[in-house]
Amino acid sequence: MFCDVRETSDGKSIPLLKGTELLWDDYIIEKSTNLSRFIPKPIEKGAVIVPHEEFENNLLGFPGSVSHNGSHFLIHYRANYTGISGGKFKLENSLVIAASTNGVTDWSRELVRMTPEPGPVGTTSGYIAEGVDTCVLDDRFEKNLNLRYKMVYNCGLQENFGPTPMRFKGYRKSNQKHDYTCMATSKDGIIWKDHGPKYDRWTDTQACLHHEGWGENYTYFLRREFPTELYEREIRGTQIVTVTDEDFHKYLDSDTPMPFEHVSEFYLDRYGKFERYTHQLYAFSGPALKHHGVYVTMPSILNWMGVFGPHRSHPEYRDLSECLDCVQPYFVTSRSLRKFNFAWIYAQHPIPLAREYQEKEKHRFQYIVPAAQMLTRDGYHWLYYTTNFESHSTRWARHHPFQGKVYNNTIKIWLAKFPEDRLIGIKANNQGGLLVTKTLKWPSDSTTYFKLNAEVKSEIVIYLTACENVFSHTIARLNSENHLKIHRIYIEISQIRAEARKSCSKANVKGEDTFRIRMEIGKGSEVYSLGFE
């Protein structure tokens, strides 16, 4: 299974810069046979956060965000408290920050605080909507340290909240006042300054800001709903908008909406408009990770059809009894954040999380949601996620003392770690496979190292070729006795280039200024990245 989205420069040669080229997409791949992409099994660390404090005595989980401030791992997540007060059922939803020095154990937790104070400390009544839909950006490209952390949250603007914090006239006032975009900022992720409503809807499935350079635009990813005559959420998709760095800060404390500009909008319809009866984009929060030029998003896909009666009788309805109304995360890659590769979704290969635990329990998690971000630290990609045996519809169902229903939705925050650069790999089938890159520009150094991240299960032979294979030079022949994961191969690049020019000239074939990498990958062998250093 190979990607069908290629974002190259109109067929021109790709400069293979010093560093690493990931094989998570087809960016440098021209040809492949008998190869398939796969997601390796991560190292599961188990549940690292379980309900512990009184404010999370009923539930905890994501939507959530993770970051690292230089000394601590930080996780923002939703918590739910239930109890009896004065003979009445009491419920409070809160936003919590947890901190740990090692990211696995010894988590300290406290409720976040918002100023101006919207209600009881740590509760979300009055500002953040009941669902506590938030996304926290650790903005490393912010000059003002008081604004380092930026939170997008779902405004609690429903009529039953009483006076709303909608302080300006820039928004239409309809009978649906929920799911608008509000923002807050913080210097530590604990105490937040509220800036109120800043943009339109929909934010109830974790809308997120993205910022990756000094003075660069802020890009905002949020859900886009396409209503039909059947249902206002008949088709769920994604919209991407952007605002300049200057305007973002100018309008942060303004009563005027931020002037976000439309970039794109989309939903899943490769197989036609009836595809919505099979799966939809539930949450598409933008890039969770940028690594060696590749963006990785982790959208949550909702297989929800059949929940609403009219859909069951539709001729295109597909039985999803194994995963009815369930939510699963997938990898989606991009090089530009304008085009995205949905191959994993269409291949029905979700991220393999907590597989052994589910097999042991003989019960499938119906609702798995990752944090908005993935961290790369200490040689690993850290992926935090929450699990739930309940489905999408009952994921937040509460244990009510006056009702008999008991829900199996004890939620925990889990951790899976992928070795760095090994989030996605390429594997040869039983016949062995072939990979050929696009044309690459010769490195300028006279000598260099070719670096290959691979698991050699049988054999991998690597060639540099030029002039449509008139010239071919073997630089390495690796076998299963080589147990290294990172293979560094010394090569005299100036000598090889001179030989290529001589061979090309003798054959009167052009192309001596560029080359290709050709790899014969033996049975079961895995390749993750390559490059020069």
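Which hand does the link of Cys-467 and Cys-504 have, with 105 degrees about the S-S bond? The link is right-handed.

1. Basis. This is a predicted model, in which local features need pLDDT of at least 70 and side-chain atom pairs count only at pLDDT 80 or more, while totals for chains, interfaces and linings use all residues. Residues are numbered from 1 along each chain as its sequence is written, and side-chain values use heavy atoms, with hydrogens and water left out.

2. Disulfides. The structure holds three of them. A disulfide is a covalent bond between the sulfur atoms of two cysteines. Here the term covers a pair of cysteine sulfur atoms within 2.5 Å.

3. Cys-467 and Cys-504. Their sulfur atoms are 1.6 Å apart. The pair links distant parts of the chain, 37 residues apart. Cys-467 sits in the loop between strand 32 (459-466) and strand 33 (471-479), and Cys-504 in helix 5 (residues 493-506). Helices (H or I, at least four residues) and strands (E, at least two) are DSSP runs, numbered from the N terminus. Both Cys-467 and Cys-504 are buried. Buried means under 20% relative accessible area, exposed over 50%, and partly exposed in between, with a 1.4 Å probe and protein chains only.

4. Cys-155 and Cys-182. This disulfide has its sulfur atoms 1.8 Å apart. The torsion about the S-S bond is about 115 degrees, so the disulfide is right-handed. Cys-155 lies in the loop between strand 11 (149-154) and strand 12 (180-186), and Cys-182 in strand 12, so the pair ties together parts 27 residues apart in sequence. Cys-155 counts as buried, at 1% relative accessibility. Cys-182 also counts as buried, at 1%.

5. Cys-135 and Cys-208. The S to S distance in this disulfide is 2.0 Å. The torsion about the S-S bond is about 105 degrees, so this disulfide is right-handed. Cys-135 belongs to strand 10 and Cys-208 to strand 14, so the pair ties together parts that are 73 residues apart in sequence. Both Cys-135 and Cys-208 are buried.

6. Strand 29. Is strand 29 (residues 433-437) enclosed or open? Five of its five residues are buried, so the strand is largely enclosed by the rest of the structure. In a regular strand the side chains alternate between the two faces of the sheet. Gly-433, Leu-435 and Thr-437 point one way, Leu-434 and Val-436 the other way.

7. Partners of strand 29. Two strands pair if DSSP finds at least two bridges between them. Strand 2 (residues 29-33) runs antiparallel to strand 29, joined by four bridges. Lys-31 has Val-436 as its bridge partner. Strand 35 (residues 514-521) also pairs with strand 29 in the antiparallel sense, over four bridges. There, Leu-434 has Glu-520 as its bridge partner.

8. Second largest pocket. About 650 Å³ of space lies in it. Of its 26 lining residues, the closest to the centre are Asp-138, Arg-140, Ala-288, Gln-373 and Met-374. A pocket is an open set of points on a 1 Å grid over the protein atoms alone, where a 1.4 Å probe fits, with protein on both sides within 12 Å along at least five of seven lines; lining residues have an atom within 4 Å of a point. Volume is the space filled by probe spheres set on the points, which are joined across faces, edges and corners.

9. Pocket lining. Strands that each supply at least two lining residues include strand 10 (134-138) and strand 14 (208-210).
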